[in-house]
Amino acid sequence: MTDQQTKFERFTALHAQDEVLVMPNPWDAGSARLLTSVGFEALATTSAGYAFSRGKRDSVAALTRAEVLANASEIVAATHLPVSADLGNGFGHAPDVCAQTIRAACDIGLVGGSIEDATGDPGAPIYPLTEAVERVRAAADAARDLPFVLTARAENHLWGSADLADTIARLKAYSEAGADVLYAPGLPDLKAIKAVCQAVDKPVNVVMGLREPTYSVAQLAEAGVRRISVGGSFARAALGAVMRAAREVRSSGTFTYAADALPGSVINEYLPPIGPDALP
């Protein structure tokens, strides 16, 4: 059995366990190593976190498939945990492009990934349902014989549509098209989250840290959530610390921020050795 197959089977089992899977989102190899050290059981990439680290906006127009998969490959190499990837809208409108993206993602060692129904066009931000379903079906067909868990995302609530009924209808259609996990980022409250979980027949992922309100793992588990991610919020938290430190130095000329900084010696504990220590 290959290492990737083992990770895939573990990842699949984590969605079926009684305990909710909490899956944070590193944005590079270093953050992946730190999050692995904390004891999480799986990781997921973040397009937002990666984009910010590269000085780009989080947009399908700003990120290419090649660079997103290169970043994901570095994260896969940095951890022994199963890794799922944020694959945007599949990096193309056509269903066959979504299928190509799934196969390419699996080729670099990922055991999961998401395809969203956002177009990247502000004038028409969400794919029509029929087209969106065909894209998910193509991705699911590509993943069928691969060690890969497909997540389908309904993006209504991130693009100004509060139509919960349409979001649920989309998630049901994506499930029928072959998605393994369902995800509607930006749901407004716990009532909506519970409604989604009760309406669908596949595990539901919910993102926390995106916006208010936030709920505890226990509250989300009670609502029926099976998986929790944090999107780009860990990356934004890190950038927030950088901004606070910079403003302190610039405005007051002090350096008290260093008291809360993670010591280099601690970080080094989770990084590969160099020099003589790296020899077999």
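Mentor: The structure holds 3 cavities of 30 Å³ or more (on a 1 Å grid over the protein atoms alone, sets of points where a 1.4 Å probe fits but cannot get out). This is a predicted model, in which local features need pLDDT of at least 70, side-chain atom pairs count only at pLDDT 80 or more, and totals for chains, interfaces and linings use all residues. Residues are numbered from 1 along each chain as its sequence is written, and side-chain values use heavy atoms, without hydrogens and water.

The largest cavity has a volume of about 140 Å³ (the space filled by probe spheres set on the points). Its lining has 18 residues, of which Gly186, Leu187, Val206, Val207 and Met208 are the closest to the centre; a lining residue has an atom within 4 Å of a point. β7 gives the most to this lining, with 3 residues (strands are DSSP runs of E, at least two residues). By residue class, the lining of the largest cavity divides into 12 nonpolar, 3 polar and 3 charged, with Gly counted as polar.

Ile193 in turn belongs to the largest nonpolar core, where Ile193, Ile102, Leu110 and Tyr174 touch the most other members among 55 residues. Such a core joins buried nonpolar residues through side-chain atoms within 4.5 Å, buried being under 20% relative accessible area. A second, separate core of 10 residues includes Phe8, Leu14, Met23 and Val181.

Technical notes:
Buried means under 20% relative accessible area, exposed over 50%, partly exposed in between (1.4 Å probe, protein chains only). On a 1 Å grid over the protein atoms alone, a cavity is a set of points where a 1.4 Å probe fits but cannot get out, and a pocket is an open set with protein on both sides within 12 Å along at least five of seven lines; lining residues have an atom within 4 Å of a point. Helices (H or I, at least four residues) and strands (E, at least two) are DSSP runs, numbered from the N terminus.
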